[in-house]
Amino acid sequence: MISLRQHTISLIAVFLALAVGVVLGSGLLSGRVLSGLRDDRDDLQTEVNDLQSANNALGEQLNAADGFDAAVATRVVAGALADRTVVLVTTPDADPADVEGVQRTIADAGGSVTGRVGLTEAFVSAASGDDLRTRLTNVVPAGAQLRTGSVDQGSLAGDLLGTVLLLNAQTSQPQSTPEELGLALDTLRGGGFITYDDGAVAPAQLAVVVSGQAADSGEDGNRGAIVARFAGALDGRGAGTVLAGRAGSAEGSGPIAVVRSDSALAAGTSTVDDVDRTSGRITVALALGEQLAGGTGRYGTGPAATAVTVGATPS
């Protein structure tokens, strides 16, 4: 007959065996799990290293391409804008290096910049629309007739500023007097809508609107459309307009994306979505020349671009 003491000892032995088994089993399992995790980590690290190497190689290729473009840029654009005049307009997010690069390329192409006008945050804000429209309608040059369809702030501003900043496409003559130009610019600067240097802006045949990188963000989601319609209306008042920006401006509701998605705007205004690269600045100069000949295009590598540059095989 088994005594209580023997029974108790047997139960203890069983529980000890179970405990030892659990410990040993968990240790073995942990070892297998850890081994598997180490293998996964090593595989992921190898993949990361491979991707980093590929990225570095692509970066080197891009730098080499930029170096080549910079070396041949002057010869590529030479004469494209001989004796032509261009006014530069910048949006609040335009990178100064891009603006300077575009101006240098215009000069290399034989053109000259007659002035630079900077649009402010207030200009591209829908919240300032009523104030901007009021100021614009008060400085319409004598004899000028604004387009009846130009009712939103971007279109109205482009139509009015195109009248004072651009020469007539057929006659190459000013469409306003120097006094009317000065009044329009001073009125908009007084309202905080633009910036410019006194005495440094004169009417030109062509216009370039330089935008930045980002698509719309924050509460005011209309700025891309405002800039797009501004550029489109500006184009209608002169011999041609090119809207240039970085990659982000061709995405979402960015200004270049808006132009490319609107058949009426895209039919007149050329777009370039890689103005931060030397190739993009070359394209801006060539696209201005194409505008003079009555052509238009969507250039770069972003969404809805049809070719990388003027004269390239459509993508």
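Modeller: Let's start with Gly-118, which sits opposite Thr-195 of strand 3. This is a predicted model, where local features need pLDDT of at least 70, side-chain atom pairs count only at pLDDT 80 or more, and totals for chains, interfaces and linings use all residues. Residues are numbered from 1 along each chain as its sequence is written, and side-chain values use heavy atoms, with hydrogens and water left out.

Biologist: What makes strand 2 and strand 3 a pair?

Modeller: Strands (DSSP runs of E, at least two residues, numbered from the N terminus) pair if DSSP finds at least two bridges between them. Strand 2 and strand 3 have two bridges, so they count as a pair, and they run antiparallel.

Biologist: Why is one side of strand 3 and of strand 7 left without a neighbour?

Modeller: The open sheet has seven strands in the order 3-2-1-4-5-6-7, with mixed pairing. Strand 3 (194–195) and strand 7 (298–299) are at its edges with a single partner strand each, so one side of each has no neighbour in the sheet.

Biologist: How do you know that helix 4 crosses helix 6 right-handed?

Modeller: Right-handed means the near helix is turned clockwise from the far one by less than a right angle, and left-handed means anticlockwise. The axes (lines fitted to C-alpha atoms over the stretch in contact, with angles from 0 to 180 degrees between N-to-C directions) of helix 4 (153–165) and helix 6 (223–235) cross at roughly 30° and come within 7 Å. Their crossing is right-handed.

Conventions:
Helices (H or I, at least four residues) and strands (E, at least two) are DSSP runs, numbered from the N terminus.
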